[in-house]
Every structure is written in structure tokens, then in C-alpha cells.
Amino acid sequence: WTRAAIRHRLDAGVWSRELPAVYGLAGHRDSWHRRLWAAHLHAGPSSVISHDSAGRLQGAEEVFADTVDLMVRAGRGKAPPGVRWHRRIDLVEDDIIRLPGLPPMTTPARTAVDLAGTMGIRRLRLLVESGVRDRRFRLDEVGVVLDRVRRSGKRGVARLATVLDDLGPGDGIPHSQLERLGDVVLQQAGLPRPRHEHPLPNQRGRRGFVDRCWPEAKLIVEFDGRKWHDRFQQRLQDADRRLEAQADGYETSQILWEHATSDRERTAQVLATIYRRRVSLLSGH
């Protein structure tokens, strides 16, 4: 449309200006869905419905009902009046769902992780409880997203970890059970048979063992079924173990309970890729 054609329809009252470069047919009633679509069209095709808006569309009763929330790429500028923009920093394709008649939006699990940065722990607990009860997501699905975004310093990570600990397995996952689940992932990845309880590679004579090891690829896999609070408390010790092995040329990958349950296929694919690249690197090809 030319500017003159657009101006003519606006002056004639056929169109109404909703947002810059976004127009609607005059006479249609205002609605939350209309404002949501207008904000998405204004922000561009890379924008994604998120936070309270995604929660409302997904049936969560704990969210604010009338907000218009979108994740947009950095540098998009100031949001128009009545719209809240959130920077799209750590969003990946697996975090996005596309439903007929709606703009792209964050998955229910990703939505819960994002809302953890805006909710108090009491309301967040209700959100997670209702999400599990209504089968919008499982705890392990939320845990997979949380494990990925917590490295970016995202707000609400510790709060959500507390909720997952309270609602999840009481004392964490028994290591023997997690090993069985983890070995299924390793088999699905098509990896050669690993060494079990391999001595921790290090140059200081430090004692300890790793769960699974492939010396030919200098690759270690550790299983972690601890509660989130315990994982946070032991981060320094875990990092020290990885550094010890890294100094001896080994790379360490970690399989959480969440990876071995709801993210099994992707985890297997990633481990297979890591193994192939390690073997190729060490063989000089």
C-alpha cells in the first residue's frame, strides 16, 4: 500500500491506526486478542508472546489477565503504550510453540521459568502446582529449561529451584535409578560401551571416580539427580572436578534427571555429536 492509499482509508474512517505500521478495520471492537496481535505485528515476525500473556493463553489462573507481553530481539527500541517488551536473550526454538490463529508463544514450561522472575514464591508455587495438575507441563520439563537458562543469570532461578525441590522427589533421585535412566540415553546415542566408575582424571593424585568414561574420546559423563538446592550448593565442587579432568584433556558432560526423562532424545543426539567430535579431534582428523 502506498502512503496516500493508507492515508485515504484512515481519513475516510475505513481503517484505524492500531500501532505504527499496523492498521485495523474501523468499527471492530477492541479486545485483548486484537491488541496482542497488533503488538506482535508491530514488533515483527521474530517476536514471541511470553510471560503473563502466554500464561493466560495457556490457561494459567495465577497470571495478570490484561497485559500484553512479547519477547523481542535486543535493540528493538521502546515498547508502545500498553505493551511490555522482554529481551529475547536465551530463547531457543524448542521454547516456542505455534498454534493456529495465534502468534508464536513460549511453551508452558518456558513460560513458568520466565514468570519465576516476576512472581513471589507463593504465587509461583501455585502456578507450578496448577501447571502440573492441569498437565500443561511436567516438573522435569521445567527443570530442563531451568538448567539451560540459569547460566545466563536469569531472574527467579533460585526461587523456581526452591519450588521444584518442594514439589519434586523428596530426597532427590537415587543414583542407581538415575544411572539406569542415563544408560538408556547413552544407548540411544549409539555410543560404545563406557567404563563404569572410572578413576577421576587429574594431575594431583586426587581420589575419586566418574560415572561413565570413554578414554578413547577423553569424554566423561556424570549423572546428577540431586535436588536443585544441593546442585547450587555444590557448584564449586563440581566445577573443581571438571577443571581437574579438563587439565588432563577430558571433557565432562552432565546428565540430569530432567535430561534423562523429558529431554532424552535431544540429550542423546548432543552426546553422540560430542563423542564423534572428540574422537575426530584426538585422532587428528
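Trainee: Before we start, what should I know about the numbering and the model?
Mentor: Residues are numbered from 1 along each chain as its sequence is written, and side-chain values use heavy atoms, with hydrogens and water left out. This is a predicted model, where local features need pLDDT of at least 70, side-chain atom pairs count only at pLDDT 80 or more, and totals for chains, interfaces and linings use all residues.

Trainee: OK, aromatics. How many aromatic pairs does the structure hold?
Mentor: Three. Rings of Phe, Tyr and Trp (its six-membered ring) pair if their centres lie within 6.5 Å; planes under 30 degrees apart count as stacked, over 60 as edge-to-face and the rest as tilted.

Trainee: Why is the pair of Trp 214 and Tyr 275 edge-to-face?
Mentor: Because the ring planes of Trp 214 and Tyr 275 are at 70 degrees, with the centres 6.5 Å apart. Trp 214 belongs to strand E9 (residues 209-214) and Tyr 275 to helix H12 (residues 264-283), so the pair ties together parts 61 residues apart in sequence. Helices (H or I, at least four residues) and strands (E, at least two) are DSSP runs, numbered from the N terminus.

Trainee: Are Trp 214 and Tyr 275 buried or exposed?
Mentor: Trp 214 and Tyr 275 are both buried. Buried means under 20% relative accessible area, exposed over 50%, partly exposed in between (1.4 Å probe, protein chains only). Tyr 275 comes out at 13% relative accessibility, so it counts as buried.

Trainee: And what is Tyr 275 in contact with, leaving aside neighbours within four places in sequence?
Mentor: Leu 191, Pro 192, Trp 214, Glu 216, Ala 217 and Leu 219. Contact means heavy atoms within 4.5 Å.

Trainee: Which residues form an aromatic cluster?
Mentor: Trp 1, Trp 15 and Tyr 23 form one. Arg 9 lies over the face of Trp 15, at 5.9 Å from the ring centre. Elsewhere, Arg 56 has its charged end over the ring of Trp 32, 3.9 Å from the centre. The rule for a charge over a ring is NZ of Lys or CZ of Arg within 6 Å of the ring centre and within 35 degrees of the ring normal.

Trainee: Switching to salt bridges. How many are there in the whole structure?
Mentor: The search finds 22. A salt bridge is a side-chain nitrogen of Lys or Arg within 4 Å of a carboxyl oxygen of Asp or Glu.

Trainee: Where are Arg 110 and Asp 95, the two that meet in one of them?
Mentor: Arg 110 is in helix H4 (residues 108-115), and Asp 95 is in the loop between strand E5 (84-87) and strand E6 (96-97), 15 residues apart. Their salt bridge is 3.0 Å, N to O, and both Arg 110 and Asp 95 are buried. Both also belong to a salt-bridge network with Asp 90, Asp 114, Arg 148 and Lys 154.

Trainee: What about Glu 179, which residue does it form a salt bridge with?
Mentor: Arg 212, with the closest N and O atoms 3.4 Å apart. Glu 179 sits in helix H8 (residues 175-188) and Arg 212 in strand E9, 33 residues apart. Glu 179 and Arg 212 are buried as well.

Trainee: And Asp 134 with Arg 133?
Mentor: Their side chains meet in a salt bridge at 3.2 Å, N to O. Asp 134 has 40% relative accessibility, so it counts as partly exposed, while Arg 133 has 58% and therefore counts as exposed.

Trainee: Back to H8. Which of its residues are buried?
Mentor: Leu 178, Glu 179, Leu 181, Gly 182, Asp 183, Val 185 and Leu 186. Their cover includes strand E8 (195-199), E9, strand E10 (219-224), strand E11 (251-256), H11 and H12.

Trainee: Last topic, the largest nonpolar core. Which residues have the most contacts inside it?
Mentor: Leu 124, Leu 127, Val 128, Val 142, Leu 146, Leu 160 and Leu 164, in a core of 24 residues. A nonpolar core is a set of buried Ala, Val, Leu, Ile, Met, Phe, Trp, Tyr and Cys residues joined through side-chain atoms within 4.5 Å. H4, helix H5 (121-133), helix H6 (139-149) and helix H7 (157-167) each supply at least two residues of this core. There is also a second, separate core of 20 residues, including Leu 178, Val 185, Ala 189 and Trp 257.
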